[in-house]
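Let's take a walk through this structure together, from the single chain to the way two chains meet, and then to a few individual residues. Keep the 3D view open as you read.

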Number of protein chains: 2
Amino acid sequence: MRHIVLDELPGRPCPAAAALELVGERWSLLVVRELSFGKTRFGDIVRGTGAPRDRVSARLRSLEEAGVVERTAYQDSPVRWDYRLTDAGRDLVPVLDALVTWGRRHAVAEAQ
Amino acid sequence: MRHIVLDELPGRPCPAAAALELVGERWSLLVVRELSFGKTRFGDIVRGTGAPRDRVSARLRSLEEAGVVERTAYQDSPVRWDYRLTDAGRDLVPVLDALVTWGRRHAVAEAQ
């Protein structure tokens, strides 16, 4: 599983920077959001995030390497995968919650 | 000030996606972290983040557009700027705190 050595970070040796190194990409966090909503299928994750399919595919792989996502085959020939959050992945929900709170207050246009 | 219309987001119309659209870039959040530590000078922000100077410069501009950062001149000819968080910027501290918590638990290599 991929982990970050704090002293190898370019700036301040800070756990937030380590976290962002692993999951700090917009599509990564939105993939985690879809999984936290119980979406397990690739197509649903693509629809929910609105990201290009190849981007979602790359993010799922890096989230798997980071120990945030695990996949299991639900069908053979052709093999099809279900994606789920690990315990480490579920621990990201407070990050998403904090983003929702901030987004509601400061990012969303008034007119809605 | 830049705001996001939820219905114009590519995927699910969600405030977290809107937040990530404005501040969801690794260097952006690390710039906010440096400012939250009271670093106000460009050089200190570059050092703290470990990001390339031109990247920090671009991120400060987009954070300013998002209403997260404000700058004031502290010197004329040549003009030099101080950067500070706005109220909206300080409201991002819980996002950073959540990332620190997650990073400590799941992103940082054991050996440290």
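Two residues are in contact here when they have heavy atoms within 4.5 Å of each other. Keep in mind, too, that this is a predicted model. With that in hand, look at chain A: among its contacts with a separation of 6 or more, 41% are accounted for by residues 24 or more positions apart.

What does the secondary structure of chain A come to? There are 6 helices and 2 strands. The C-alpha trace of chain A spans about 45 × 45 × 25 Å along its principal axes. Of the 112 residues in chain A, 49% are buried.

Now bring chain B into view. How are the two copies related? Chain B can be superposed on chain A by a rotation of 180 degrees with 0.0 Å of shift along its axis, and the RMSD is 0.0 Å. The two copies are therefore related as by a two-fold rotation axis. Both copies use the same surface, since 100% of the contact residues of chain B recur in chain A.

Next, turn to the interface itself. On the chain B side, 50 residues are in contact with 50 residues of chain A. The size of an interface is often given as the accessible area lost when the parts come together. Between chain B and chain A, the buried area is about 4,100 Å², and carbon and sulfur atoms give 68% of that area.

Charged and polar groups also meet here. The count between the two chains is 6 salt bridges. In one salt bridge, A:E21 pairs with B:R26, with the closest N and O atoms 2.5 Å apart. Across the interface of chain B and chain A, 18 residue pairs are in polar contact. Which helices supply the side of chain B that touches chain A? At least two residues each come from α1 (15-23), α2 (26-36), α3 (42-49) and α6 (93-107) of chain B. The most is given by α6(B), with 12 residues. Sorted by class, this side of chain B has 30 nonpolar, 9 polar and 11 charged residues.

Since 8 of the 9 residues of α1(B) are buried, α1(B) is largely enclosed by the rest of the structure. Its buried residues are B:P15, B:A16, B:A17, B:A18, B:A19, B:L20, B:L22 and B:V23. What covers them? The cover includes parts of both chains: α2 (26-36) and α6 (93-107) from chain A, together with α2 and α4 (53-65) from chain B.

Let's finish with two single residues. B:T86 sits in the loop between β2 (80-85) and α5 (87-90) of chain B. Is B:T86 buried or exposed? Its relative accessibility is 13%, and buried means under 20%, so B:T86 counts as buried. The side chain of B:T86 reaches the backbone oxygen of B:G67 at 2.6 Å. Leaving out residues up to four places away in sequence, B:T86 touches B:G67, B:V68, B:V69 and B:E70.

Over in chain A, find A:D87, which is placed in helix α5 (residues 87-90). At 55% relative accessibility, A:D87 counts as exposed. From A:D87 to A:V69 the C-alpha distance is 8.9 Å, although they are 18 residues apart in sequence.

Methods:
Residues are numbered from 1 along each chain as its sequence is written. Chains are lettered from A and ligands numbered from 1 in the order in which they are written. This is a predicted model: local features need pLDDT of at least 70, side-chain atom pairs count only at pLDDT 80 or more; totals for chains, interfaces and linings use all residues. Side-chain values use heavy atoms; hydrogens and water are left out. Helices (H or I, at least four residues) and strands (E, at least two) are DSSP runs, numbered from the N terminus. Buried means under 20% relative accessible area, exposed over 50%, partly exposed in between (1.4 Å probe, protein chains only). Buried area is the accessible area (1.4 Å probe) that two parts lose on being put together, summed over both. A salt bridge is a side-chain nitrogen of Lys or Arg within 4 Å of a carboxyl oxygen of Asp or Glu. A polar contact is a pair of N or O atoms within 3.5 Å; within protein, one must be able to donate a hydrogen and the other to accept it, and residues adjacent in sequence count only if both atoms are side-chain atoms. Ala, Val, Leu, Ile, Met, Phe, Trp, Tyr, Cys and Pro count as nonpolar, Asp, Glu, Lys and Arg as charged, and the others, Gly among them, as polar. Copies are superposed by least squares on the C-alpha atoms of residues with pLDDT of at least 70 in both.
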